[in-house]
Amino acid sequence: MATQKQKNAARENIKKAQARWKEMTSRQHSSAQPEGKGRRKPGSTGEGGYYHVELRPKSEFKTFRTQDVGDKGHIQRVAGKRESGSWATVKWLISKDDAHTSGGTLVGDTREVKDLLDKLGSKPVHQSGDRFKAQDRRNVPEKDKPTAAQKKARSKNIKKAQSARQKQ
């Protein structure tokens, strides 16, 4: 049988636990459970509709946005905002209708996916499930700009604007 002192201590402990529980977010509630987190990482099970091509670690960012690139639902860019306020691509989501895996590598079935995979700084390497890891394109220093491709695109745009002006 519990003594009166033990009963009072138990009541106080319950009040403390309830107060602490009210201060927690739902995410903290789930991780405080003895079973741990009940949610798996996106793309880790292999059952989703997208392949995840990760470029940078999620821990570098505080806010995330997903943008459709091209046709809706095919290729999506997950952008992250850093503490400094700059944005960068965290990962690419590629629809399973537009790509497939072959021998641990990701192979594009459509022209858009093939172009995206070619523009990455490295070939995507399989991690687990639907998750792949790759490097982003290299950062061109300002002193090396404009590049040859930028010069060519600029002259092409100028010619296009001039021809449009002449047609008016």
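Residues are numbered from 1 along each chain as its sequence is written, and side-chain values use heavy atoms, with hydrogens and water left out. Because the model is predicted, local features need pLDDT of at least 70 and side-chain atom pairs count only at pLDDT 80 or more, while totals for chains, interfaces and linings use all residues.

**Nonpolar cores**

A nonpolar core is a set of buried Ala, Val, Leu, Ile, Met, Phe, Trp, Tyr and Cys residues joined through side-chain atoms within 4.5 Å. Buried means under 20% relative accessible area, exposed over 50%, and partly exposed in between (1.4 Å probe, protein chains only). Helices (H or I, at least four residues) and strands (E, at least two) are DSSP runs, numbered from the N terminus.

The largest nonpolar core has 14 residues, of which Val53, Trp92, Ile94, Leu106 and Leu120 touch the most other members. Two or more residues come from each of strand S1 (50-54), strand S4 (87-95) and helix H3 (111-119). H3 gives the most, with three residues. Contact means heavy atoms within 4.5 Å. Beyond four places in sequence, the contacts of Leu106 include Tyr51, Val53, Ile94, Leu117 and Phe132. A second, separate core of five residues includes Phe61, Val78, Ala88 and Leu93.

Rings of Phe, Tyr and Trp (its six-membered ring) pair if their centres lie within 6.5 Å; planes under 30 degrees apart count as stacked, over 60 as edge-to-face and the rest as tilted. The model has two aromatic pairs by this rule. In one of them, Tyr51 and Phe132 have ring centres 6.0 Å apart and planes at 75°, so the pair is edge-to-face. Tyr51 lies in strand S1 and Phe132 in strand S8 (residues 131-133), so the pair ties together parts that are 81 residues apart in sequence. The charged end of Lys96 also sits over the ring of Tyr51, 5.6 Å from its centre; this requires NZ of Lys or CZ of Arg within 6 Å of the ring centre and within 35 degrees of the ring normal.

His52 is likewise placed in strand S1. Among the residues it touches beyond four places in sequence are Pro42, Lys91, Trp92 and Phe132.

| Residue | Relative accessibility | Class |
|---|---|---|
| Tyr51 | 9% | buried |
| His52 | 10% | buried |
| Phe132 | 0% | buried |

His52 and Met24 are 28 residues apart in sequence and 31 Å apart in space, C-alpha to C-alpha.

Pro146 is found in the loop between S8 and H4, and the peptide bond from Lys145 to Pro146 is cis, with omega near 0°. Most peptide bonds are trans. Of the 20 residues of H4, the number buried is zero, so this helix lies largely in the open.
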